[in-house]
Amino acid sequence: RTNLDHTVSDKLNFALDLNTSYAQQANAVNGNRFQSPIASSYTTSPLQGAYKPLLDDDGNFIGVSDELYTGLESDYIGLTGDNFLYSLPLNPVDVNTFRVLTKLSLDYKILDFLKFSQTATVDVITDDSKNFDDPTTNDGETTNGSLDQTFDQNRALTTQSFLKYFGDFGGGDHSIDAFVGFEYQRVNIKDFYAGGIGFADGRLQTLDSAAEPQGVSGTITNYSFVSYLSQVNYDFLDKYLLTVSYRRDGSSR
């Protein structure tokens with residue numbers, strides 16, 4: 001995060017605010033999925049262990065192995081048929097978000113009672129998400145593994161232009177401040193989705209590794225807003241205040 005303020009002269013100054021961020025999120029799966037820990041807590045027997053038992057040649061229990069149940073085994077006691085301790089690490093739901101928010105502002109003092117202000121803001125957000133189901137887990141078994149990937153980008157440009165007036169008269173008993181302004185915003189939204197099923201190995205988590213594409217889609221949305229603003233504030237004796245304002249908005253999509 002960076003904030004810069006610079007005074008060029010008695011009449012001119014500008015400021016720059018820059019914020020950038022990158023976030024990696026490992027999201028929880030939906031509650032109705034086989035691998036949901038919440039669903040498993042209700043449907044798995046408390047007598048069911050997470051790890052497979054060790055048996056001797058006669059079939060007698062001699063300990064616990066370090067191999068997790070997948071939940072698909074015939075001796076696994078759980079209605080979901082899934083051991084979330086096994087499936088959750090193999091079935092990532094990842095969302096990566098990158099954002100840049102920048103604001104540039106400028107103030108110019110034309111006269112002692114008249115000032116011009118200009119701001120421009122750019123906001124860019126991109127989301128890259130992945131939802132993968134490993135072929136060895138219950139959620140991915142029927143499709144031999146599945147992958148859904150989504151990419152979203154949202155770009156917004158906002159500009160504001162204001163001309164401001166400040167004045168006192170009548171020995172300071174009367175004061176007026178007023179402004180007229182123009183605001184413009186343009187938004188561009190793009191999103192892309194692609195999915196595939198059939199993976200030879202759960203470590204190959206790319207769309208190129210899918211045996212069968214499931215769908216590709218994408219959209220682009222553009223819209224703009226325009227506003228005309230004005231306001232006059234009249235103050236008498238620092239006791240009585242009268243405000244008159246006007247605004248007109250327009251949009252296109």
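What follows is a short walk through the sheet and some of its strand pairs.

This is a predicted model, in which local features need pLDDT of at least 70 and side-chain atom pairs count only at pLDDT 80 or more, while totals for chains, interfaces and linings use all residues. Residues are numbered from 1 along each chain as its sequence is written, and side-chain values use heavy atoms, with hydrogens and water left out.

In what order do the strands of the open sheet lie? The order is E1-E2-E5-E6-E7-E8-E9-E10, which makes 8 strands with antiparallel pairing. Strands here are DSSP runs (E, at least two residues), numbered from the N terminus, and two of them pair if DSSP finds at least two bridges between them. From one strand to the next the twist averages 10 degrees, with axes taken as lines fitted to C-alpha atoms and angles running from 0 to 180 degrees between N-to-C directions.

Now some individual pairs. E6 (residues 114-133) is antiparallel to E7 (residues 146-169), with 20 bridges; lysine 130 has glutamine 149 in E7 as its bridge partner. E7 then runs antiparallel to E8 (residues 174-197) through 24 bridges, and lysine 164 faces phenylalanine 179 in E8 as its opposite residue. The hairpin of E7 and E8 has 4 residues between the strands, and glycine 170 there has a positive phi near 70 degrees.

Last, E9 (residues 212-236) and E10 are joined antiparallel by 13 bridges, with serine 224 opposite serine 252 in E10.
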